[in-house]
Structure formats: C-alpha cells, structure tokens
Amino acid sequence: MDIQEARKKIDTIDALLAENYKKRLEIVADIAKYKDEHQMPLIDEVRDTDIIATHTNDCSDEKLRPYIEAYMSAVVSMSNEYLREHMHQHIFLIGMPGAGKTTVGKALSKELNRDFYDLDLTIQEKTGKSIQNIIIYDGEEKFRQHEYDAIRELIRNKPSVIATGGGTVLSEKTVQIMRNNGIIVFVNRDVTQILDDLDLEIRPLLKESIEYIFRLYEERYPLYESVSHIKIGNESNISDTVQAIIEALPNTEK
Ligand SMILES: Nc1ncnc2c1ncn2[C@@H]1O[C@H](COP(=O)(O)OP(=O)(O)O)[C@@H](O)[C@H]1O
Ligand SMILES: O=C(O)C1=C[C@@H](OP(=O)(O)O)[C@@H](O)[C@H](O)C1
Ligand SMILES: [Mg+2]
C-alpha cells in the first residue's frame with residue numbers, strides 16, 4: 001500500500017465530510033427558525049434515534065456497524081448543540097432551595113419580555129393544595145410527578161422563563177424534558193447566604209435542621225452542575241445575576 005496515496009484519499013473524503021457537515025448545519029439553522037415559529041420542541045428524540053438507526057442498519061459490514069453508530073450519534077448530538085444555540089427556547093432555572101430561582105426568574109422574564117412561571121405556584125394552582133401538604137400527605141414521589149406533569153404543560157406555551165423547585169432535577173425524566181425543550185441555568189448561591197435570606201418556616205424540606213441544607217447542597221451540587229447548560233453565581237444583587245444570565249445565553253434577545 002502506498003501511504004501517500006491512502007492519505008490523499010482520506011483528505012478528499014474529509015473535505016467532503018466537512019463540506020457536507022457545513023451544509024447539514026446550515027439546514028439545522030433553518031430548522032431552528034421553523035421550530036421557533038411553530039413552537040416545536042427543540043429535540044425530537046424519536047427522529048434522532050431513527051436517523052442513527054437507519055444509517056447503522058444500512059451498513060452491511062457488521063464489524064464497522066458500531067463505528068457508524070458512534071459516528072452518527074456524534075453528528076446528531078453536535079447538530080443538536082447547534083440547534084440549541086439557534087432557538088429561542090424555554091429558560092429553566094434550577095438550583096438549591098433559596099438560591100434565588102423565583103426572584104431571579106421573575107426579573108429575568110421582565111428583562112427578556114417573556115412570560116414567567118414558577119413551578120411550585122403552578123402546581124399549587126393546578127392541585128388546589130399547598131406544596132407542603134402535597135409533600136407531607138401525598139409523598140415526595142407524587143410531588144415529583146406533579147412537577148413533571150406541570151413542565152409538560154408549560155412547555156406548550158411560547159418560550160418563557162420557568163423557575164423550578166430545588167428538587168425538580170431529581171427526576172431523570174423531568175431533566176430530559178427540560179433539556180429537550182430549553183436551556184437549563186443553574187443558579188448557584190452560597191449556603192451561608194441562602195440561610196441569611198431564607199424564611200425556613202415556609203420551606204418544608206429545610207425545616208428539620210440547618211445541617212440538612214448543607215448536606216443537601218453537597219448532595220445536589222454535582223447534579224445541578226451536570227444537568228445544566230449554564231452555571232451562574234447569584235452572589236451579589238439580583239440585577240447583576242440577571243445580566244450575567246443574559247450574557248451567557250446563546251442567541252437571546254440581548
Ligand atoms: N441576590 C440576592 N440578593 C438578595 N436577596 C436574594 C438574592 N437572591 C435571592 N434572594 C432572597 O432569597 C430568598 C429566596 O429566594 P427565592 O427566589 O425564593 O429562591 P428559590 O426560588 O430558589 O427557592 C428571597 O427572600 C429572595 O429575596
Ligand atoms: O428542594 C426541594 O426538594 C424543594 C424545593 C422547593 O422549591 P424552592 O427551591 O423554590 O424552595 C419546593 O419545590 C419543594 O419544597 C421541594
Ligand atoms: Mg422558588
């Protein structure tokens with residue numbers, strides 16, 4: 001085999017791959033616009049799975065099939081990142097109880113001229129029960145299901161700002177639906193600052209002890225970090241935090 005010849009062939013193929021991928025991304029940007037206009041979800045998992053499976057199954061060489069599958073998965077996943085940057089999508093705020101999700105979310109929605117929804121309030125209005133009572137009498141699992149159901153309904157609205165509850169990300173399917181329909185912003189605030197500002201009486205999960213909130217922070221921090229697209233510190237005033245989020249958002253009405 002002549003290595004120079006082989007490399008020339010590889011270069012020609014790579015040029016075609018790059019050229020075609022560029023074309024693919026240009027179409028993705030058009031799709032982003034269409035999906036925005038028609039309020040369609042950011043990611044369609046069924047379609048993605050189908051694209052990957054079609055090309056994997058088309059490969060007649062069994063040994064190469066896993067490589068085709070991995071290659072197509074990477075193409076789809078990178079294209080979805082590009083799609084995310086081109087769409088105006090829902091903004092989900094996550095983070096510890098008391099981190100400022102509701103307060104920051106309200107201010108952010110005003111700044112972006114969007115509707116604002118607080119997940120806890122939405123659930124209270126829908127069920128006619130307080131969050132405290134749902135957790136105490138129906139159990140946390142039921143409450144997590146309420147969170148999932150409420151998000152499924154809220155995402156049908158035009159792109160909004162949604163402040164979730166501190167534990168919303170504990171449910172994998174809820175994380176998935178948020179990631180498929182928007183951008184997740186982790187609002188991070190120091191526990192000592194949280195404790196300074198919080199009325200513990202109205203936060204059922206925090207009432208037990210101060211140590212509990214520190215433990216909760218340790219436990220949940222890695223989860224907040226791993227599921228979010230953007231992490232913002234809410235350490236000074238609310239308007240600085242709002243500006244920091246707007247700066248960090250891709251393709252927003254900056
Ligand atoms: N940057 C900030 N500066 C001062 N107070 C803040 C700040 N962020 C949040 N707070 C206060 O902390 C408390 C908890 O905020 P909240 O928005 O209800 O948190 P969450 O919705 O994350 O539980 C509120 O009293 C709020 O006014
Ligand atoms: O951390 C949690 O598991 C919870 C946080 C609360 O929301 P905030 O984060 O707005 O306090 C509320 O959803 C419920 O009490 C459960
Ligand atoms: Mg809140």
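An open sheet of five strands runs in the order 2-3-1-4-5, with parallel pairing (strands pair if DSSP finds at least two bridges between them). The model is predicted: local features need pLDDT of at least 70, side-chain atom pairs count only at pLDDT 80 or more, and totals for chains, interfaces and linings use all residues. Residues are numbered from 1 along each chain as its sequence is written, and chains are lettered from A and ligands numbered from 1 in the order in which they are written. Strands (E, at least two residues) and helices (H or I, at least four) are DSSP runs, numbered from the N terminus.

Strand 2 (116-118) and strand 5 (230-233) are the edges; each pairs on one side only. The twist averages 25° from one strand to the next. Strand 1 (residues 90-94) and strand 4 (residues 182-188) pair over five bridges, in the parallel sense. Leu93 has Val185 of strand 4 as its bridge partner.

Two helices on the sheet come next. Helix 4 packs on the sheet and touches strand 1, strand 2, strand 3 (161-163) and strand 4 (contact: C-beta atoms, placed from the backbone, within 7 Å). The direction of helix 4 makes about 175° with that of strand 3 (angles run from 0 to 180 degrees between N-to-C directions, with axes fitted to C-alpha atoms, for helices over the stretch in contact). Helix 11 packs on the sheet too, touching strand 4 and strand 5.

Now the ligand. Of the 15 residues around ligand 1, Gly100, Lys101, Thr102, Thr103 and Asp197 come nearest (near: C-beta, placed from the backbone, within 6 Å). Helix 4 (101-112) and helix 11 (238-248) each give two or more residues to this shell. The largest share, three residues, comes from helix 4.
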